[in-house]
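Dear colleague,

I am passing on the structure below, together with notes on what I found in it. Please read the notes with the model open beside you.

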Amino acid sequence: MSENKFAEMSNEQLQKSEKVAKASTYTLVVMLVLLFALSMYLNFKKGFTPLTVIPICLLPIVILNLGNIKKMQDELKSRNL
């Protein structure tokens, strides 16, 4: 989503999108931390597994989502909500 897309949304849509984005991003972060811990455990027990790479590969999604949340919050702040 671009910043213009956020400006075109209604207040209710923007608030709902922010809430959904926050919930999904924080859930993804928790799952990635658990997956990383599990992969490190398996790494020490059985050696390298492809599971070790997955949390690292999914990290950019978290970074992009956090950027979008920040843009949504800025738009909400500019609307005094």
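Where does Gly47 lie? Gly47 is in the loop between H2 and H3, where helices (H or I, at least four residues) and strands (E, at least two) are DSSP runs numbered from the N terminus. Before going further, please note that this is a predicted model, in which local features need pLDDT of at least 70 and side-chain atom pairs count only at pLDDT 80 or more, while totals for chains, interfaces and linings use all residues. Residues are numbered from 1 along each chain as its sequence is written, and side-chain values use heavy atoms, with hydrogens and water left out.

The loop

Gly47 follows H2 and has a positive phi, near 95 degrees; with a relative accessible area of 25%, Gly47 is partly exposed (buried means under 20% relative accessible area, exposed over 50%, and partly exposed in between, with a 1.4 Å probe and protein chains only). Leu51 also has its place in the loop between H2 and H3, and its relative accessibility of 24% makes it partly exposed as well.

H3, with 25 residues, reaches 37 Å from first C-alpha to last, close to the expected 36 Å. Just after H3, Asn80 takes a positive phi of about 60 degrees.

The axes of H2 (residues 11-46) and H3 (residues 54-78) come within 9 Å and cross at roughly 155 degrees (axes are lines fitted to C-alpha atoms, for helices over the stretch in contact, and angles run from 0 to 180 degrees between N-to-C directions). The two helices are therefore roughly antiparallel to each other, a term for angles over 145 degrees.

What is buried

In H2 the buried residues are Leu14, Glu18, Ala21, Thr25, Leu32 and Ser39, and in H3 Pro55, Val62, Ile69, Met72, Glu75 and Leu76 are buried. The largest nonpolar core has seven residues, namely Phe6, Met9, Leu14, Ala21, Ile69, Met72 and Leu76 (such a core is a set of buried Ala, Val, Leu, Ile, Met, Phe, Trp, Tyr and Cys residues joined through side-chain atoms within 4.5 Å). H2 and H3 are the elements that give two or more residues to this core, and H3 contributes the largest share, three residues.

With best wishes

Definitions and conventions: Parallel < 35°, antiparallel > 145°, perpendicular 65-115°, else oblique. Expected span 1.5 Å × (residues − 1).
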